[in-house]
Amino acid sequence: MAEPSDSVVDVVYEKLKLMCAQYRLMPGERINEGELAKSFGVSRTPLREALARLYAEGLVSSVPGKGFFCRKLDVQEVFSLFELRKAIETAALTLAVERASDADIDALLTFLDRTGPEAGNRTRQELLELDVHYHEELVRLSGNAEMLKALRNINARIQFVRWIDMERRDRGQSQKVHREVLLALKARDAQRCAELMSTHIDRRREDIAGALKDGYAQLLQLE
């Protein structure tokens, strides 16, 4: 039997990653490999390779002899991921103070101007994607590719919680803090950058339990 091409595995991986990040499968639900392979129009081989990658990244769980499962919505796990996110982003800002060019900082300030402080008629998913873009670009300014890679994994694992949180947050206030961080970065004030980002992420982390509760309720409505 021919080995599946990397492109097939990659396509299946991206589809599954989105499904798992957005909990299109119920938390704790066993993943039916046969049904998914059929719906994707592929054999089980690329599907299993994609599932193995997602397991390594913490996006699915596995039970020996029983297969793969959609991961549970665990408050402590999400809390720990937010702590890790804060550690990475504050450390990245310290590096960015030394490494980021004024032009790159100005480009991110322009992004904030272009996307504006108001939600407008954007969907929650669109607002989340804008927020993720800002934070990932900020870490990119550190020049540390491994930090960015780690942040992307964290963002995928907390995507559902952040999506729920979009209904709760004050976008205007968040955008204000985003701008203050960039101005502190341009002023090369590492301490101010770290303080602003730490407080910003902590405020989101404090809402985890409520966001998870709302998330469960919305998932049950979709069953």
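A helix axis here is a line fitted to C-alpha atoms over the stretch in contact, and the angle between two such axes runs from 0 to 180 degrees between their N-to-C directions. Keep in mind throughout that this is a predicted model.

Begin by selecting residues 124-140, which form helix α6, together with residues 145-157, which form helix α7; the two pack at an angle of about 160 degrees, and their axes are 9 Å apart. Angles over 145 degrees count as roughly antiparallel, and α6 and α7 are therefore roughly antiparallel to each other. Their crossing is right-handed.

Next, show the side chains where these helices meet: Val-132, His-135, Glu-136, Val-139 and Arg-140 come from α6, while Met-147, Leu-148, Leu-151, Arg-152 and Asn-155 come from α7. Sorted by class, this contact has five nonpolar, two polar and three charged residues.

Now select Ala-92, which lies in helix α4. Is Ala-92 buried or exposed? Its relative accessible area is 0%, so Ala-92 is buried. Beyond residues up to four places away in sequence, Ala-92 touches Val-139, Ser-142 and Met-147. If you also pick Gly-67, you will find that Ala-92 and Gly-67 are 25 residues apart in sequence and 37 Å apart in space, taken from C-alpha to C-alpha.

Finally, turn to the largest nonpolar core, which has 59 residues, and select Leu-16, Leu-138, Leu-182 and Leu-185, the members that touch the most others. Helix α4, residues 75-99, gives the most to this core, with eight residues. Around Leu-16, leaving aside neighbours within four places in sequence, look for its contacts with Leu-36, Phe-40, Leu-47, Ala-50, Leu-51 and Leu-54.

Methods:
Residues are numbered from 1 along each chain as its sequence is written. This is a predicted model: local features need pLDDT of at least 70, side-chain atom pairs count only at pLDDT 80 or more; totals for chains, interfaces and linings use all residues. Side-chain values use heavy atoms; hydrogens and water are left out. Helices (H or I, at least four residues) and strands (E, at least two) are DSSP runs, numbered from the N terminus. Angles under 35 degrees count as roughly parallel, over 145 as roughly antiparallel, 65 to 115 as roughly perpendicular and the rest as oblique. A crossing is left-handed if the near helix is turned anticlockwise from the far one by less than a right angle, and right-handed if clockwise. Contact means heavy atoms within 4.5 Å. Ala, Val, Leu, Ile, Met, Phe, Trp, Tyr, Cys and Pro count as nonpolar, Asp, Glu, Lys and Arg as charged, and the others, Gly among them, as polar. A nonpolar core is a set of buried Ala, Val, Leu, Ile, Met, Phe, Trp, Tyr and Cys residues joined through side-chain atoms within 4.5 Å. Buried means under 20% relative accessible area, exposed over 50%, partly exposed in between (1.4 Å probe, protein chains only).
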